[in-house]
Amino acid sequence: MATPATFRIWRGNAAGGAFQDYTTSVEEGMVVLDAVHRIQAQQAPDLAVRWNCKAGKCGSCSAEINGMPSLMCMTRLSAIDLNMPVIVEPMHAFPVIRDLVTDVSWNFQAKKMIKQFKPRPPDAADGTWRIQQADVERVQEFRKCIECFLCQDVCHVLREHNKHDEFIGPRLLVYAAALEMHPLDTEDRVSDLRHKHNIGYCNITTCCRQVCPESITITENAIIPLKERVVDRYFDPLKRLFRI
Ligand code: SF4
Ligand code: F3S
Ligand code: FES
């Protein structure tokens with residue numbers, strides 16, 4: 001049965017903007033992106049919204065719904081209190097292009113600063129490698145990332161402190177972990193993690209892990225093991241003693 005619901009959507013661009021209310025009918029099974037599309041089709045044809053798969057796999061429809069970084073295509077209206085206006089706004093950690101669309105290109109630029117995969121030479125006569133299944137499984141989780149950048153959006157280091165020039169953020173720490181823990185990789189990223197990517201800025205709030213739509217255990221499985229590598233190298237008292 002169709003019922004009315006109000007969506008308070010941020011409209012504007014880099015110069016500024018404001019929330020506007022739109023009331024539309026919603027039905028069982030709809031997600032926030034469906035409602036935004038209905039509003040776009042019937043009331044606001046110039047409303048900018050980015051999306052692609054509508055299946056939680058392209059990472060395009062990231063926004064903030066009632067203050068929570070979320071994928072619009074995966075947020076069911078049945079999980080929201082529709083007695084209040086549903087607040088939909090663009091991600092805060094990135095510059096607004098228009099309405100619900102933000103410019104996330106900084107993430108791709110920052111990604112280029114991370115040292116690339118550098119495999120060891122093949123170890124079999126046929127020119128291939130032999131690796132343990134357990135080692136493959138360790139990094140498999142990180143490869144589920146859909147680059148929605150919701151974790152970047154929620155992290156206070158980027159969101160509140162605007163440290164984009166210094167800190168690569170949880171998504172890119174997951175990327176670094178996938179490379180660093182790859183059983184064939186021989187590159188050394190530990191110095192960069194400390195000095196260039198400033199992993200020390202992460203104070204393990206776990207907010208990133210809590211918003212990840214792929215349920216990647218960002219903090220515990222990626223960031224903390226990378227921090228341990230940094231600590232082992234630079235802060236282990238025995239190693240420091242031998243360095244002296
Ligand atoms: Fe999105 Fe999770 Fe990847 Fe972060 S780690 S970009 S929240 S899928
Ligand atoms: Fe930020 Fe995640 Fe660390 S939200 S502070 S990167 S645990
Ligand atoms: Fe692809 Fe939402 S439209 S993740």
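1. Some housekeeping. This is a predicted model, where local features need pLDDT of at least 70 and side-chain atom pairs count only at pLDDT 80 or more, while totals for chains, interfaces and linings use all residues. Residues are numbered from 1 along each chain as its sequence is written, chains are lettered from A and ligands numbered from 1 in the order in which they are written, and side-chain values use heavy atoms, with hydrogens and water left out.

2. Now the overall picture. The protein chain has 244 residues, and 46% of them count as buried. Its C-alpha atoms fill a box of roughly 70 × 40 × 25 Å along the principal axes. I see 10 helices and 7 strands listed for the chain; these are DSSP runs numbered from the N terminus, helices being H or I with at least four residues and strands E with at least two.

3. Strand 1 (residues 3-13) and strand 2 (residues 16-26) run antiparallel and are joined by 11 bridges; for two strands to pair, DSSP has to find at least two bridges between them. The hairpin connects them through 2 residues. One bridge to check by eye is G12, whose partner in strand 2 is G17.

4. The loop between helix 1 (32-42) and strand 3 (62-65) holds A55, and N52 is found in that loop between helix 1 and strand 3 too. N52 is exposed, with 55% relative accessible area, whereas A55 counts as partly exposed at 42%. For scale, the C-alpha atoms of A55 and K239 are 49 Å apart in space and 184 residues apart in sequence. N52 and A14 lie 38 residues apart along the chain, with 23 Å between their C-alpha atoms.

5. A pocket here is an open set of points on a 1 Å grid over the protein atoms alone, where a 1.4 Å probe fits, with protein on both sides within 12 Å along at least five of seven lines; lining residues have an atom within 4 Å of a point. Among the lining residues are F117, F142, R143, Y175 and H182. Helix 6 (residues 169-180) gives the most to this lining, with 4 residues.

6. Ligand 1 next. Its surroundings include C145, C148, C151, C212 and R171, near meaning that a heavy atom of the residue lies within 4 Å of the molecule. C145 and R171 also line the largest pocket.

7. Ligand 2 is surrounded by residues including C155, H156, C202, C207 and C208. Helix 8 (207-211) and helix 9 (218-234) are the elements that give two or more residues to this shell.

8. Last, the cysteines. With a disulfide taken as a pair of cysteine sulfur atoms within 2.5 Å, the count comes to 0. C207 itself is partly exposed, at 30% relative accessible area.

Note on methods: Buried < 20%, exposed > 50% of the residue type's maximum accessible area, 1.4 Å probe, protein only.
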